[in-house]
Every structure is written in structure tokens, then in C-alpha cells.
Amino acid sequence: IVALLISGKVSPIVAMVIPPIIGAMLAGYSFAEVGGFFESGISSVINVAVMFMFAIIFFGILQDVGLFDPLINKLVSFSNGNIIAVTVGTVLVATVAHLDGSGASTFLLTIPALLPLYKRLKMNPYLLLLLIAGSAGIINMIPWAGPLGRTASVLEMDVTELWQPLIPIQLIGFVLILSLAVYMGIREKKRITKMYGSLEAAAAIEVAEDFHDQEAEKAAANHLARPKLIWVNAILALLVLGVLVSGIIPAGLAFLIGVSIILPINFRTVDEQMARVKAHAPGAMTMASIIIAAGLFLGVLNGTGMLTAIAEDAASILPAFIGPFVHIIVGILGVPFDLVLSTDAYYFALLPVVDQIAATYGVASLSTAYAMIIGNIVGTFVSPLAPAVWLALGLAGLEMGKHLRYSLFWLWGLSIVLVLTAVVIGVI
């Protein structure tokens, strides 16, 4: 499935529906049992699918009414076309945005605000995803995020105690992702200059290309913009995100209510309101259908026991002579594991098995846990099994295969460096 997604030969829906069904059939399961797996998988993702639908519509309307225009203009003037300032700023914004531990809210906060800036400066939007994913992955070591909670439950220990030794790793990781942002900014600057002649020419090319289309888009934007309501829309957006972070009500309901309020505030007639919904419905429905396909995928993998078997076999095939280092090896392979194992499978199925093997060689459970956390967590938001990644792709209008090709090398490299650093300073 990962190979199909990277190849770009088929849509994500095809990649996540056909192979799991064929796999279940080959394993001897009936269509009725596959139907049960589908229902089980759907129940685990339906809330996420609903959230994606209304989140994309909600933020699409916010863009229509011009909420992010002043912010983008300020960022453009602040960066003064400086590509490196934009990449470093992306890391800083993503780091702060992920302090709540939610990947979905991080992408919802960062992508709608920063993507127009990247487009205006002709920067690669996949660079935006790479920097947000790396920053969020490092901050994801906080106690209230999922991975540490899962690990603490496996080890039966306090999650805060588990987190404290990881703080130096987070600080080192933050410096590394900032360094990567600077390097990628320099590289992106060279690419843009080579392609367009200069940064100024790249920024101005928007006017030269498809002049009539640009004028039509500007006219439409002016027609939809609501500058007098900018503070009303901003307060509503903050309220919706605040409710999302607090968890008072389900995220899908929060965005559904947000859409229901923002439409009549900005558009008086039914036709105008429905026109906005129809404008963003294709993107929303596309993402919802992909998430439902992922539900089937996860349902089959869980229902057939394939995830557990993958975790156990991955540990069992390792040669005996590398036993004392098995936790470090699995940690180094943590990002690739993230492509084939769900977060639950990695921490609830693979971790106990690796811990058991490593313990026979005198390796402490905490060392095994830290190796697997540090090695895996940086790659969280490049995995097709992470629902938040699909939200990011939907918001940015990008493809999973290209995201994997662009980001996997850098995030896996960052992960390996952090694992080795943790060994050197004694965390592992």
C-alpha cells in the first residue's frame, strides 16, 4: 500500500481498499467477515471523517472572506521576500501550534495561514508540510500527546516521569529542525532563483501568468472579502479552535457549528451560502472518502490480526547476535515502521515484544521505550496511517505519494540523529 501511494499510479482510495480486501480473502476470511472489519474500522474513523469535511469547508470560507490576508501581508512584509525567514518562521509557528498535542489542530492552525505565503513566494508547498511535520513530531513527545500516554500505559508508570528525560532530546530536536529549516530555505532560494531568475521575478510572476485568470480571481476575492467583519470572523475562528483544543464537544460538531454560524454572518442569501458550501464540498468529500477507505484498511489489519503479526514477526526475524542492540535498531527503523504500523500497533503490539527481547540481554525497559519513542515519533506526520496527515494534505491540496518522497528522507534522517544523540547522552 505504501508503495502504491508513493508510486502515484492509483488514487489513495484504490490503494487502501483493494489490497486489504485481497489480503483478507487470501487469509481465508469471507466477505461477511470483511464487512465486519469494515464496520469496525469505520467506527474508528467516522468522527475524523466528519471533522475533515466541515473543517475544510470552515477554513475555506475563512479564506474566502479574507481573514488570513492581513496576516499573510504582514508575514510577507516581515520576511521581505526572505525565504529563510519564512522557513524558520514556519518551524516557530508549528512548534507553538502543536503545544496542545493535537496534529489535526496544528495543521488547521498553520496550513491555511502559511500556504498562501508559500504560493506567493513560489516556494514548494511540500516544504511547508515537511517543516510542520518535523516540528510537530518533536513537540509530540509532550505527556498529553498520544505516544507517551500509550508507552506509559504499557510500562505502567507515570507519564510525566517518562517525559522528563526526553526534554533534552526535544531541545536538541528543536535546534536540528531549525537548522534544517535554514538549510532547506537556502536550497529553496537557489531553486527559485534558478527557475525564475530572481526572487523578485518569482514573486511578480503571478501577475505575468494567466493575467485574465488572475484578474478574475482577484475580482471574485474582492466580491467575497468581508474586511468590516474581520474581527468577528477572527473571534469565531479562535472560539472554534479553542473548543477543538479543549475537547468540550467532538471536533466534527465544533466545525459544523462554526460553519453554521459563519455562513449567515458573512453571506445574507441562501444562494450565496450554498455557493460557498458547494465551492469547498469537492475537497471536503474527497478527504472524507479517503478517510473512510483508511477505515477499511485499519479495520482489516486489526480484525485479521495482521498488525499484531507484523509487530511480532518484525521483532522475531532479527538475528540473535544483535539482541543487546535490538531496541536501538528498532528505534532507527522507527520511521519506516510508522509507514506500516498504526500508532496503537507500534506501542501496544511491537513495544512489549521488543522490550521482552531486549530485557533478556539486560536492557532496561525505559531504554527500550525511549529508543522506540524517539525513533518513531518524528515520522508521525509522514505516515499514511496518521489521519491528521490526510487533513494536512486536504488543506494544502497536495498528494500523499509526493509528501512521502519529499519528506521521508529528511524526517528519517532527523529521527536517526536523535536516536544516536540519545545514546550518546545516556537517555538510551
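The model is predicted: local features need pLDDT of at least 70, side-chain atom pairs count only at pLDDT 80 or more, and totals for chains, interfaces and linings use all residues. Residues are numbered from 1 along each chain as its sequence is written, and side-chain values use heavy atoms, with hydrogens and water left out. Helices are DSSP runs (H or I, at least four residues), numbered from the N terminus.

**Second largest pocket**

- The second largest pocket has a volume of about 990 Å³. A pocket is an open set of points on a 1 Å grid over the protein atoms alone, with protein on both sides within 12 Å along at least five of seven lines.
- A volume is the space filled by probe spheres set on the points, which are joined across faces, edges and corners.
- The second largest pocket is lined by 35 residues (an atom within 4 Å of a point). Arg150, Thr343, Ala386, Pro387 and Ala388 lie nearest its centre.
- Helix 3 (31–64), helix 6 (103–120), helix 8 (146–155), helix 15 (270–303), helix 19 (343–359) and helix 21 (387–396) each give two or more residues to this lining.
- Helix 3 supplies the largest share, eight residues.
- The lining holds 15 nonpolar, 16 polar and four charged residues. Here Ala, Val, Leu, Ile, Met, Phe, Trp, Tyr, Cys and Pro count as nonpolar, Asp, Glu, Lys and Arg as charged, and the others, Gly among them, as polar.

**Largest cavity**

- There is one cavity of 30 Å³ or more. A cavity is a set of grid points where a 1.4 Å probe fits but cannot get out.
- The largest cavity has a volume of about 50 Å³.
- Its lining is Val45, Ile291, Ala294, Leu298, Pro384, Leu385, Pro387 and Trp390. Helix 15 and helix 21 each give two or more of these residues.
- Helix 15 gives the largest share, three residues.
- The lining of the largest cavity has eight nonpolar residues, no polar and no charged.

**Helix 15**

- Just after helix 15, Gly305 takes a positive phi of about 85°.

**Helix 20**

- Helix 20 (residues 365–377) has 13 residues, which should span 18 Å at 1.5 Å a residue. The expected span is 1.5 Å times one less than the number of residues. The end C-alpha atoms of helix 20 are 18 Å apart, which agrees.
- The buried residues of helix 20 include Ser367, Tyr370, Met372 and Asn376.

Terms used: Buried means under 20% relative accessible area, exposed over 50%, partly exposed in between (1.4 Å probe, protein chains only).
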